[in-house]
Amino acid sequence: MAELIAEEKIDQIRQAVDIVEVISDYVQLKKQGRNYFGLCPFHGESTPSFSVSPDKQIFHCFGCGAGGNVFSFLMELEGISFQEAAIKLAAKVNIELGINISSSKGGKKLSKELQAMLDAHELLRKFYHHLLVNTKEGQHALEYLLNRGFTQESIDKFQIGYSLNSWDFVYKFLTKRDFSPEWMEKAGLIIKRERDGTYFDRFRERIMFPIFDRHGNTIAFSGRSLGADEPKYLNSPETAIFNKSKILYNYHLAKPSIKKLQYAILFEGFADVIAADRAGVENGIATMGTALTDEHIALLRQNVQTITICYDSDKAGIEAAYRAGNHLQEAGFQIKVAMMTDGLDPDEYIQKNGTDKFRNEVIGASLTWMAFKFLYFRRGKNLQLEGDQLAYIEQIIKEISKLDKAVERDHYLRQLASEFSLSLEALKQQQKQIYFAEKRKSYGLKEPAHKPMLVVKPAEELKPAYITAERRLIAHMLKNREVVYKVQELLAGQTFNTDEHQAIITYLLGFFEDHTEPDTSAFLTYIQDDNLRRMVADIEMMSINDELTNQELTDYIKQVCNYQKLLKIKEKEVELKEVEREKNFSKAAVIANEINHLRKLL
Ligand SMILES: [Zn+2]
């Protein structure tokens, strides 16, 4: 059980850290007015809707609703517990916590089953690796790897292993250690036989590549067959701990290098990542056999803005690179593309040409995204033929029209003009025509891919008056303790109409019992509920007047109370219709009277 960090310490940490500084480690922030803005690390977007307030020490995204203080930011982003976030922050500002840190390690409290799934993977990773490097049984597998250019160093770094040629070794290994077979089946490590309900090992006689999550936990395996066994690569199925659309292979090891070099290299498969690493390229990552998802992109954006795509240079690889590049470009990344000669993949290229050539002539000679498109659109065309040539030029001009900078457009138009001996003026003319035609086509349909860092917070959506009134009252209560008590008094026992708003007030009352000064960031730590925390951050980011006048206050209270009366009136009106239908006129008269009375109270 983790030791608790004393509350004074938490306060001390909160006062010492600056939320802008912490978030800047993950998001590129630009100052605009009093606040900072950037691309939200919690959802994929190309225009910034994520804001950080240094005054209030909170963040909020009006795109996805994420919001909170510096603790909740780290908790959500890193998937860690409050304690762990506090430990991280304390280390950043050199605050001695006086607790045994190792005892509070271990992450978010996982369910027993999930923890068992992780533990089993961890055990097996170590065991598979041991079998490969230290035992007679694994020797042929080790030789196979060394023959294919793997080094002892990379075998250790990537914890590569070997699974025995046995139907039940893993099953026995795990059940002997009290792992439940049902959960190990759910973890994808063993498979249940339909006919008799017994289990057998998923991975047999394969080279085992562990897949890690971003914290370095082993969450899955990919097993490469040694013989003619199909499939060549057998992956763990999707499980409660392994979600392909979120996992980037090698992310946890590559992160420091990605940050240092300011770019990441995206490979098609993990074998390429390992091969490139051998060439000293340590900032490589790969998806696990899926196309790039928004979740991958959000993860990447936390650390980097430039991506070099290094996919296979065969036809399928080039198509995939084109798709991934477009996806990344829409998300606002700078893109380069590294290409190999002869349609090779990175692994093959390195085996054939060596590591130096790969570093210098492939990665070092990456093409700009536009230069890649010049090549991409050229494929399958015979540019000696006038028809093909015209089609190609038009495609390229279309792409040039998408560029933001006039200098860039000019550069590529010149390149095109000189290659095909065309008049630059004519090309410019055509480019403008295409630009306006495209603009007309997409007008009102789609935003341009690149937009300047300009943030316009959407006008407060048209919310019912009582909700706006409640939000504004809460905003003032957050800033002023007195307002909390005044509002309570004026409501005279009535509550806010929105349950969440009422819950926030209940928390505020508790908070102000032991805090005399308003402090939204401290309050956010005090609130236990994620959803409410987001709501408070959202409300806190509204602009309100510094002072709440009595007139304003009574207006808001009136809005809040009227809503209840309006509901009552509606109820009565339904009742009235009912009795009228029953032709109960005396009762109808009574109800009509009541409605009139209620209306007068509004
Ligand atoms: Zn967001």
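**Exercise 1. Describe how helix α20 and helix α21 are placed against one another in this predicted model, and state which residues meet.**

Solution. Begin with the axes, which are lines fitted to C-alpha atoms, for helices over the stretch in contact, with angles running from 0 to 180 degrees between N-to-C directions. The axes of α20 (residues 465-479) and α21 (residues 481-491) come within 5 Å and cross at roughly 135 degrees. That makes α20 oblique to α21, given that angles under 35 degrees count as roughly parallel, over 145 as roughly antiparallel, 65 to 115 as roughly perpendicular and the rest as oblique. Next, look for contacts, meaning heavy atoms within 4.5 Å: L473, H476, M477 and K479 of α20 meet R481, V483, V484 and V487 of α21. Helices here are DSSP runs of H or I with at least four residues, strands are runs of E with at least two, and both are numbered from the N terminus.

The model is predicted, with local features needing pLDDT of at least 70 and side-chain atom pairs counting only at pLDDT 80 or more, while totals for chains, interfaces and linings use all residues. Residues are numbered from 1 along each chain as its sequence is written, and side-chain values use heavy atoms, with hydrogens and water left out.

**Exercise 2. In what order do the five strands of the open sheet that begins with β1 lie, and what packs on this sheet?**

Solution. The order is β1-β2-β3-β4-β5, with antiparallel pairing; two strands pair if DSSP finds at least two bridges between them. β1 (30-32) and β5 (67-68) stand at the edges with a single partner strand each, so one side of each is left without a neighbour in the sheet. Helix α24 (residues 530-540) packs on the sheet, where it touches β4 (58-61) and β5, and its direction makes about 95 degrees with that of β4. Within the sheet, β2 (residues 35-38) and β3 (residues 50-53) pair over three bridges in the antiparallel sense, and F37 stands opposite S51 in β3.

**Exercise 3. Trace the pairing of strand β15 and the handedness of the β-α-β unit to which β15 belongs.**

Solution. On one hand, β13 (residues 263-267) pairs with β15 in the parallel sense over five bridges, and L266 stands opposite I309 in β15. On the other, β15 and β16 (residues 334-337) pair in the parallel sense over four bridges, T306 having Q334 as its bridge partner in β16. Together β15, helix α13 (residues 315-330) and β16 make a right-handed unit: with the strands pointing away from the viewer, the path from the first strand over the helix to the second runs clockwise. Finally, four of the five residues of β15 (residues 306-310) are buried, that is, under 20% relative accessible area, where exposed means over 50% and partly exposed lies in between (1.4 Å probe, protein chains only).

**Exercise 4. Which residues of helix α16 are buried, and what covers them?**

Solution. Of the ten residues of α16 (residues 369-378), seven are buried, namely W369, M370, F372, K373, F374, Y376 and F377. Their cover includes α13, β16, β17 (367-368), α17 (386-401) and α18 (406-420). After α16 comes G380, whose phi is positive, near 75 degrees.

**Exercise 5. Which residues are in contact with T525, leaving aside its neighbours within four places in sequence?**

Solution. T525 lies in helix α23 (residues 520-526), and with those neighbours left aside T525 is in contact with I10, R14, N69, F71 and F82. The C-alpha atoms of T525 and V70 are separated by 9.1 Å, although these residues are 455 residues apart along the chain.
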